[in-house]
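Here's a quick briefing to read alongside the structure. Have the 3D view open and click through the residues as they come up.

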Amino acid sequence: MNMLVGVLALQGAFVAHSDCLASIGVQSVEVRTPEQLDSVGALLMPGGESSTMSQLLESSGLFDPIAARIADGMPVFGTCAGMILLASEILDGRSDQRSFAAIDISVRRNAFGRQVDSFEATINSSVGDFHGVFIRAPRIERVGDGVEVLGSINDEPVLVRQGNVLAASFHPELSNDARVHEYFVSITANRKKV
Amino acid sequence: MVSTNGSSSTGTQRVKRGLAEMLKGGVIMDVVNSDQAKIAEDAGACAVMALERVPADIRRDGGVARMSDPEMIIAIQASVHIPVMAKARIGHFVEAQILQSLGVDFIDESEVLTPADETHHIDKFDFTIPFVCGATNLGEALRRISEGAALIRSKGEAGTGNMVEAVRHLRSILGDIRKITQADSAELFEWAKRLQAPLSLVQEIAETGKLQVPLFAAGGIATPADAALAMQLGAETVFVGSGIFKSDNPAPRAKAIVEATTHFRDAAVLARVSRGLGVAMTGIAMDEINETQRFASRGW
């Protein structure tokens with residue numbers, strides 16, 4: 001099985017994710033083209049600006065190939081803007097914003113407020129207490145049947161999974177703690193059939 | 001300023017630098033009204049810088065350049081989803097307080113505006129929102145970081161459409177970082193003295209081989225090739241000031257610069273996006289600007 005993890009590197013915090021994966025000995029490659037996508041067995045979609053990434057997914061010819069790979073069961077992990085790209089419903093996004101609709105959740109863009117409201121706080125999660133960093137973060141406002149809540153803060157979901165798709169509204173790559181990344185790697189190693 | 005409520009904290013260095021991380025690999029565009037802000041967002045900008053006049057016009061008009069009218073900043077905030085930045089004068093902490101109360105996402109303590117203090121920069125730890133500051137060399141960058149800046153950009157020579165100064169600043173900052181990683185522990189004391197920077201920050205660079213905060217490029221970037229040059233030199237994002245909205249055809253140029261910044265090592269993509277963009281801003285050669293008119297020499 002191909003265990004090479006790709007980090008979508010169109011825009012955003014892709015370097016921090018690669019560094020985090022390297023800290024647990026997982027090799028990753030930056031993905032900017034369909035050819036690079038072909039070489040990976042799993043994909044991480046970082047935080048950044050979801051509208052910028054949507055544009056670049058189209059202009060780089062990556063949108064359809066990624067959608068096909070996700071449909072084929074490729075494990076994928078989206079953080080913050082990456083989670084928005086994976087959600088089945090985007091609230092307060094741009095009207096032309098497309099998503100992969102890979103996980104049955106509704107997310108509201110920037111629902112935690114502007115940068116002045118960005119915060120760090122402890123998350124109760126299945127990997128244990130985790131120090132979460134929330135930057136102009138989106139909110140998961142609805143969780144569909146079949147979506148597992150793996151982490152929450154004040155009873156609000158912030159880390160969710162459906163099949164091979166993992167999504168977080170926070171930034172595990174900024175906490176010097178690779179447990180959430182390790183969890184994603186374990187999904188990749190025990191990939192579910194779809 | 002760090003505030004804590006239960007287990008939750010705002011205004012921490014991690015949260016401030018975190019937003020800078022999110023802007024990497026992107027293009028931050030200067031805009032003067034909500035129409036331009038929408039064009040920028042449509043083109044894929046990862047943030048906009050709201051200001052009353054782009055640097056080229058500040059340069060042409062002369063006089064004192066100040067913080068923008070809050071009304072204009074609010075209108076731009078209402079028109080886009082992406083982060084909105086705004087500029088305060090060097091040392092003008094009250095302008096910064098006003099910008100923070102407006103909820104701007106990042107403050108640029110900028111040499112493009114007329115400095116308000118000839119000795120002191122703003123104490124950026126006093127604020128909840130992050131600051132970006134310009135630097136011409138590593139010493140200046142580290143002094144700004146020691147004051148709490150969450151992001152450093154080259155100064156370049158804003159409003160000229162000429163990136164020679166930005167290249168000089170990037171090469172100076174990144175070149176000195178490379179040299180410091182080769183220095184032995186005794187030499188680091190000399191480096192700190194020469195750079196007029198805190199020793200602890202110099203030692204940290206020797207260990208990690210990189211600046212404590214992200215490094216972006218600014219000043220004179222006008223074409224997709226300019227953006228890619230800055231990225232290949234080691235910048236992590238580009239600011240484009242006058243280069244977009246002082247060109248013939250802003251929307252396609254903005255989109256082309258966004259693509260060039262993402263695919264900065266792919267010459268075939270750069271060739272494709274550079275085609276048929278029309279005339280770039282005319283620009284000014286450095287020897288046409290005398291020393292006293294140079295923005296980059298502002299800041300201490």
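**Cysteines, pockets and rings: a walk-through**

Searching the whole structure turns up 0 disulfides over all chains. Keep in mind that this is a predicted model.

**Cysteines**

- With a relative accessible area of 5%, A:C80 is buried.
- For background, a disulfide is a covalent bond linking the sulfur atoms of two cysteines.

**The largest pocket**

- The largest pocket holds about 1100 Å³ of space.
- Its lining counts 31 residues, and those nearest the centre are A:D19, B:E21, B:K210, B:L211 and B:Q212.
- Which elements give two or more residues to this lining? They are α1 (14-23) of chain A, plus α1 (13-22), α7 (164-182) and α9 (199-208) of chain B.
- The most comes from α1(A), which gives 5 residues.
- Sorted by class, the pocket lining has 13 nonpolar, 7 polar and 11 charged residues.

**Cavities**

- There are 3 cavities of 30 Å³ or more in the structure.
- The largest cavity has a volume of about 170 Å³.
- It is lined by 23 residues, with B:P55, B:A158, B:A218, B:G219 and B:G241 closest to the centre.
- The class count for the second largest cavity is 7 nonpolar, 5 polar and 3 charged residues.

**Aromatic rings**

- Over all chains, the search finds 9 aromatic pairs.
- One of them joins A:F77 and A:F184 in a tilted arrangement, with 5.5 Å from centre to centre and 40° between the planes.
- What does that pair tie together? A:F77 is in strand β4 (residues 76-79) and A:F184 in helix α6 (residues 179-189), both of chain A, so the contact links parts that are 107 residues apart in sequence.
- A:F77 counts as buried at 0% relative accessibility, and A:F184 is buried at 0% too.
- A:F112, A:F119, A:F130, A:F134 and A:F170 make up one aromatic cluster.
- A:R139 lies over the face of A:F112, 4.2 Å from the ring centre.
- Over in chain B, B:R194 lies over the face of B:W191, at 4.4 Å from the ring centre.

**Backbone spots**

- Most residues other than glycine have a negative phi.
- A:A101 has a positive phi, near 45°, and is not a glycine.
- You'll find A:A101 in the loop between β5 (87-91) and β6 (103-108) of chain A, where A:A101 is partly exposed with a relative accessible area of 46%.
- B:Q196 is another non-glycine residue with a positive phi, about 50°.
- Look for B:Q196 in the loop between α8 (185-195) and α9 of chain B.
- Is B:Q196 buried or exposed? Its relative accessible area is 60%, so B:Q196 is exposed.
- B:S110 sits in strand β6 (residues 106-110) of chain B and counts as buried at 0% relative accessibility.

How values were computed:
Residues are numbered from 1 along each chain as its sequence is written. Chains are lettered from A and ligands numbered from 1 in the order in which they are written. This is a predicted model: local features need pLDDT of at least 70, side-chain atom pairs count only at pLDDT 80 or more; totals for chains, interfaces and linings use all residues. Side-chain values use heavy atoms; hydrogens and water are left out. On a 1 Å grid over the protein atoms alone, a cavity is a set of points where a 1.4 Å probe fits but cannot get out, and a pocket is an open set with protein on both sides within 12 Å along at least five of seven lines; lining residues have an atom within 4 Å of a point. Grid points are joined across faces, edges and corners, and a volume is the space filled by probe spheres set on the points. Helices (H or I, at least four residues) and strands (E, at least two) are DSSP runs, numbered from the N terminus. Ala, Val, Leu, Ile, Met, Phe, Trp, Tyr, Cys and Pro count as nonpolar, Asp, Glu, Lys and Arg as charged, and the others, Gly among them, as polar. A disulfide is a pair of cysteine sulfur atoms within 2.5 Å. Buried means under 20% relative accessible area, exposed over 50%, partly exposed in between (1.4 Å probe, protein chains only). Rings of Phe, Tyr and Trp (its six-membered ring) pair if their centres lie within 6.5 Å; planes under 30 degrees apart count as stacked, over 60 as edge-to-face and the rest as tilted. A charge sits over a ring if NZ of Lys or CZ of Arg is within 6 Å of the ring centre and within 35 degrees of the ring normal.
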